[in-house]
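Please open the model in a viewer and keep the selection tool at hand.

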Amino acid sequence: LAHLSCLVRQAEVATNNWEDMHDGEGMKKWDQCFDCGQRFHGLVNVAIGWAAWKTYLGRPENDGMRSIAMGTLGKALRANGQNTEALPILEANLALNRRYWSH
C-alpha cells in the first residue's frame, strides 16, 4: 500500500517527464499503480481523480493535461457510482474536447 500523497507525487513526476522529455508514462500514472500496474478503483480512484484535477486546474482550458485530468476525475466518480457528480464534469470535458480538439 502507498500513501495517497506518494501516488500523487509519482503521477506528477511521470507527467512532468512526459511533458519535458516525452519520456515515461505521463498521465497513465493517474490511472494505475506504479508498482503492480493495476488500475486504481474505489475511493483511491476518486481521490487520485480529485488530485489530478487540482494539480492541472490552473492551466489554460485548452491544455491537454488539464483536459485529461478533468476526464480522469469524471471517470473516477462515474466508476464509483457518483453519477450525479460525474455528469457535469464529463459534459464539461466533452465540450472542451469539441471546442479545441474536434478536428
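**Before starting.** This is a predicted model, in which local features need pLDDT of at least 70 and side-chain atom pairs count only at pLDDT 80 or more, while totals for chains, interfaces and linings use all residues. Residues are numbered from 1 along each chain as its sequence is written, and side-chain values use heavy atoms, with hydrogens and water left out.

**Stop 1: the largest nonpolar core.** Select V8, M27, W30, F40, I48, Y56 and A69, the residues with the most contacts inside the largest nonpolar core, which has 13 residues. A nonpolar core is a set of buried Ala, Val, Leu, Ile, Met, Phe, Trp, Tyr and Cys residues joined through side-chain atoms within 4.5 Å. Here buried means under 20% relative accessible area, exposed means over 50%, and partly exposed lies in between (1.4 Å probe, protein chains only). Two or more residues of this core come from each of helix 1 (4–21), helix 2 (42–56) and helix 3 (64–79). Helices are DSSP runs of H or I with at least four residues, numbered from the N terminus. Helix 2 gives the largest share, four residues. A second, separate core has nine residues, among them V46, L77, A86 and I89. In soluble globular proteins, nonpolar side chains tend to be buried together.

**Stop 2: W30.** Which residues are in contact with W30, leaving aside its neighbours within four places in sequence? They are V8, A11, E12, T15, F40, I48, A51, A52, T55, Y56 and T72. Contact means heavy atoms within 4.5 Å.

**Stop 3: helix 1 against helix 2.** Display both helices: helix 1 and helix 2 pack at about 50°, with axes 10 Å apart. Axes are lines fitted to C-alpha atoms, for helices over the stretch in contact, and angles run from 0 to 180 degrees between N-to-C directions. Helix 1 and helix 2 are therefore oblique to each other; angles under 35 degrees count as roughly parallel, over 145 as roughly antiparallel, 65 to 115 as roughly perpendicular and the rest as oblique. To see the contact, select L4, L7, V8, E12 and T15 of helix 1 with V44, A47, I48, A51, T55 and Y56 of helix 2.

**Stop 4: A47.** Staying in helix 2, select A47. A47 is partly exposed, with a relative accessible area of 24%. Draw a C-alpha to C-alpha distance from A47 to L77: these residues are 30 apart in sequence and 9.4 Å apart in space.

**Stop 5: helix 2 against helix 3.** Is helix 2 roughly parallel or roughly antiparallel to helix 3? Helix 2 and helix 3 pack at an angle of about 155°, with their axes 8 Å apart, which makes helix 2 roughly antiparallel to helix 3. The residues in contact include N45, V46 and G49 of helix 2 and M65, R66 and A69 of helix 3.

Stop 6: Move to helix 3 and select T72, which is buried at a relative accessible area of 3%. Apart from neighbours within four places in sequence, T72 is in contact with W30, D31 and G49. Next select L73, also placed in helix 3; L73 counts as buried, at 1% relative accessibility. Not counting residues up to four places away in sequence, L73 touches V46, G49, W50, W53 and I89. Finally, compare L73 with L57: they are 16 residues apart along the chain, and their C-alpha atoms are separated by 11 Å.
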